[in-house]
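The following note sets out points for a colleague's review of the structure shown here. Each point takes up one topic.

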Amino acid sequence: MSTRQQLILETATRLIARRGVRGLRVEELAAEASVSTGLIYYHFGDRAGLMRRTLEFINERAERYTEPAASPRTDPRRHLEEMLLLELQDDPMVVENSTAWGEFRASARFDPELREQLRESTARWVEYAADLVRRAQEAGTVRDEVVAADAAERITALVEGLSERWLTGTLTLERARDLLRDALVLELGPEARK
């Protein structure tokens with residue numbers, strides 16, 4: 001990705017976090033990024049292409065800032081817990097990214113193409129979490145009776161809900177993180193090696 005494309009996507013993310021997907025205007029984006037509208041259309045084709053690529057950019061950024069220290073091979077449960085807790089950080093980029101993600105989720109209700117992209121992205125995240133749950137079961141750190149796919153669906157949905165509540169000020173960050181830790185124990189069982 002070129003430096004200009006990165007700048008456009010960073011600016012689009014910031015504007016979506018501020019005004020929402022439906023509030024984003026290509027002309028405003030161009031002015032804020034100090035580029036021409038023609039350059040935006042050149043790189044992204046149309047507004048739908050820009051939105052599609054911005055959502056991918058948000059996902060890629062989230063993958064970077066949620067990369068845990070724990071290895072998924074040697075400690076999959078710890079990797080899962082750290083990955084989910086890293087979604088809840090008081091860091092300006094995380095706040096911006098999470099806010100923009102929430103705006104995309106809200107707008108997807110009205111945009112079938114966006115809805116499909118969001119569904120696919122969420123499915124990848126849930127499947128990765130389910131894979132970590134299965135690996136943790138093999139390692140003996142998650143109860144055998146846990147249905148990995150169901151647990152992954154519930155805990156990733158919980159992260160999104162806690163994030164929204166934290167970002168809107170109805171929960172403190174510490175409370176959101178504590179609730180997530182407690183939910184992981186309830187969902188997966190206490191951590192104990194076989």
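**Points on the predicted model**

1. The loop between α2 (26-33) and α3 (37-44) contains S34. In this predicted model, S34 has a phi near 60 degrees, a positive value in a residue that is not glycine. Most residues other than glycine have a negative phi. S34 is classed as exposed because its relative accessibility is 63%, and the cut-off for that class is over 50%.

2. Helix α7 covers residues 112-139, 28 residues in total. From its first C-alpha to its last the helix reaches 40 Å, which is close to the 40 Å expected at 1.5 Å a residue.

3. Both ends of α7 deserve attention. D111 caps the N-terminal end, with a side-chain oxygen 3.1 Å from the backbone nitrogen of E113. Just after the helix, G140 adopts a positive phi of about 85 degrees; here the residue is a glycine, whereas S34 takes its positive phi as a residue other than glycine.

4. The largest nonpolar core comprises 27 residues, of which L80, L84, V133, L180 and L188 touch the most other members. Two or more residues of this core come from each of α5 (76-85), α7, α8 (148-167) and α9 (173-188). Apart from this core lies another, of 26 residues, including A12, V21, L29 and W101.

5. Which residues does L84 contact, leaving aside its neighbours within four places in sequence? They are W125, I155, T156, V159, L180 and L184. Of these contacts, L180 is also listed with L84 among the core residues that touch the most other members.

6. The largest pocket holds about 650 Å³ of space. Its lining is made up of 29 residues, and the closest to the pocket centre are N59, A62, E87, S121 and W125. At least two lining residues are supplied by each of α4 (47-65), α5, α6 (92-108), α7 and α8.

7. With its neighbours within four places in sequence set aside, N59 is in contact with W101 and S121.

Key: Residues are numbered from 1 along each chain as its sequence is written. This is a predicted model: local features need pLDDT of at least 70, side-chain atom pairs count only at pLDDT 80 or more; totals for chains, interfaces and linings use all residues. Side-chain values use heavy atoms; hydrogens and water are left out. Helices (H or I, at least four residues) and strands (E, at least two) are DSSP runs, numbered from the N terminus. The expected span of a helix is 1.5 Å times one less than its number of residues. A polar contact is a pair of N or O atoms within 3.5 Å; within protein, one must be able to donate a hydrogen and the other to accept it, and residues adjacent in sequence count only if both atoms are side-chain atoms. A nonpolar core is a set of buried Ala, Val, Leu, Ile, Met, Phe, Trp, Tyr and Cys residues joined through side-chain atoms within 4.5 Å. Buried means under 20% relative accessible area, exposed over 50%, partly exposed in between (1.4 Å probe, protein chains only). Contact means heavy atoms within 4.5 Å. On a 1 Å grid over the protein atoms alone, a cavity is a set of points where a 1.4 Å probe fits but cannot get out, and a pocket is an open set with protein on both sides within 12 Å along at least five of seven lines; lining residues have an atom within 4 Å of a point. Grid points are joined across faces, edges and corners, and a volume is the space filled by probe spheres set on the points.
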